[in-house]
Amino acid sequence: MKAVITKEYGSIDVLNIENVEKPVIGEDEILVEVKAASINPLDWRIRTGEMKMMTGKIPPRILGSDYSGIIAEIGKNIRNYKKGDEVFGMINGMKAKEGTYAEFVKVKESDISLKPKNINFEEAASLPLVALTAHKALIDIAKIKNGSSVLINGCTGGVGNVAVQIAKALGCKTTGICSTSNIKFAKEIGCDNVIDYKKDAVLKSGTNYDVIFDTVGNLEFTESKHFLKTGGIYVTTAATLSALILSPIANIFRSRKLKVVIVAPNSNSLAIIRDMVEKKELKGHIFKMFSIDQIKEAHELSQKGGFRGKLVIKM
Ligand SMILES: NC(=O)c1ccc[n+]([C@@H]2O[C@H](COP(=O)([O-])OP(=O)(O)OC[C@H]3O[C@@H](n4cnc5c(N)ncnc54)[C@H](OP(=O)(O)O)[C@@H]3O)[C@@H](O)[C@H]2O)c1
């Protein structure tokens with residue numbers, strides 16, 4: 001099969017398209033013919049070696065976490081899916097050596113869901129990792145509910161735009177932070193208020209939120225906590241060692257909590273995300289599509305930034 005193989009850490013030049021053996025599935029696994037995959041910052045962070053401490057694996061590897069596709073083979077213990085089912089999901093890109101930038105990927109039954117019926121493979125591939133992150137941060141960790149006031153930093157990025165839509169669907173009052181050129185998009189996806197970080201102070205006196213979700217990693221808790229209501233929660237995607245280790249202890253003594261979200265495959269949450277898409281409460285926003293042969297260009301743009309929503313690879 002055709003796949004993007006990375007044999008060493010480095011620049012986009014280490015992304016090579018090669019023909020490799022198709023993954024061989026075990027009794028509890030499913031082989032998916034990948035129709036589309038999407039790019040996440042995690043992919044190029046692994047490629048550059050930035051995540052070396054956590055990936056615990058040296059190249060060669062196939063990068064990529066998100067996929068949508070059609071089931072090509074099932075292991076003999078698989079009960080809930082059959083060959084030909086259209087599915088979507090994420091694999092643990094940090095651990096997996098055989099990622100989704102390939103014509104086939106092997107996955108676990110506990111990590112996948114049927115694809116939403118009302119969207120194509122490209123839109124479906126744009127959702128799993130970012131939607132699972134936003135869902136976990138806002139619903140499982142921050143427990144947002146109807147009427148919560150939520151501030152989302154990076155509201156037009158991959159995680160941020162889904163977070164806005166989830167908060168909106170739950171009836172929250174949503175404020176987003178983005179750059180000038182993305183303000184119109186931020187309003188279109190459901191932000192009640194938008195703060196332009198290029199022009200304005202992002203945290204303004206007189207504003208208090210129930211939840212602050214920092215999807216960018218540049219809104220410090222030490223500053224943000226002054227803009228949280230008593231009992232409010234700050235969640236970040238920036239999994240720094242100090243936040244991971246010290247905050248659970250410090251939170252015991254704080255009235256405003258610092259939490260870190262770490263995304264993981266989860267078929268139950270994915271099924272909720274599928275339902276939201278089918279009810280038109282959630283949509284995948286694709287900024288640009290690429291062929292697998294344009295993988296270097298796609299990584300370059302993801303790393304450079306300055307776009308909205310997601311970058312998708314069509315197989
Ligand atoms: N912990 C986890 O499990 C987990 C899961 C998913 C993602 N992440 C991490 O979360 C981060 C976001 O992921 P993503 O997929 O959403 O990335 P992304 O699609 O590249 O979005 C990043 C967003 O950051 C915004 N941004 C850049 N500079 C900013 C600033 N100074 N102030 C406010 N916003 C700014 C950009 O908006 P503008 O274009 O408007 O500047 C862009 O929309 C990445 O670092 C990723 O690695 C972690």
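What covers the buried residues of H1? We will come to that answer after a few words on the model and the chain as a whole.

This is a predicted model, in which local features need pLDDT of at least 70 and side-chain atom pairs count only at pLDDT 80 or more, while totals for chains, interfaces and linings use all residues. Residues are numbered from 1 along each chain as its sequence is written, and side-chain values use heavy atoms, with hydrogens and water left out.

Let us start with the overall picture. The chain holds 10 helices and 16 strands; these are DSSP runs numbered from the N terminus, with helices being H or I of at least four residues and strands E of at least two. A compact globule of 315 residues would have a radius of gyration near 20 Å, and the 19 Å of this chain agrees with that. The radius is taken over C-alpha atoms, and the globule rule is 2.2 Å times the number of residues to the power 0.38. Along its principal axes, the C-alpha trace spans about 60 × 40 × 40 Å. Of the 315 residues, 52% are buried, where buried means under 20% relative accessible area, exposed over 50%, and partly exposed in between (1.4 Å probe, protein chains only). Take the contacts (heavy atoms within 4.5 Å) between residues at least 6 apart in sequence: 69% of them join residues at least 24 apart.

Now back to helix H1, residues 41-48, where Leu42, Asp43, Trp44, Ile46 and Arg47 are buried. Their cover includes strands S1 (2-6), S2 (15-19), S3 (29-38) and S4 (61-62), together with H2 and helix H10 (295-304). Just after H1, Gly49 takes a positive phi of about 95°.

One member of H2 (residues 52-55) is Thr55, which counts as buried because its relative accessibility is 6%. Not counting residues up to four places away in sequence, Thr55 touches Tyr9, Ile46, Arg61 and Met94. Ile46 is also among the buried residues of H1. The side chain of Thr55 also reaches the backbone oxygen of Lys52, at 3.5 Å. This is a polar contact, that is, a pair of N or O atoms within 3.5 Å; within protein, one must be able to donate a hydrogen and the other to accept it, and residues adjacent in sequence count only if both atoms are side-chain atoms.

Most residues other than glycine have a negative phi. Lys143, in the loop between helix H4 (128-141) and strand S9 (149-153), has a positive phi of about 50°, and it is exposed at 56% relative accessible area. Lys280 sits in the loop between helix H9 (267-278) and strand S15 (286-291); its phi is positive too, at about 65°, and Lys280 is exposed at 71%.

Our last stop is Arg256, in the loop between helix H8 (241-252) and strand S14 (257-260). With a relative accessible area of 24%, Arg256 is partly exposed. Its side chain makes polar contacts with the side chain of Thr230 at 3.3 Å and with that of Ser255 at 3.1 Å. Leaving aside neighbours within four places in sequence, Arg256 is in contact with residues including Phe221, Lys225, Leu228 and Asn251. Ser269 is 13 residues from Arg256 in sequence, yet the two lie 26 Å apart in space, C-alpha to C-alpha.
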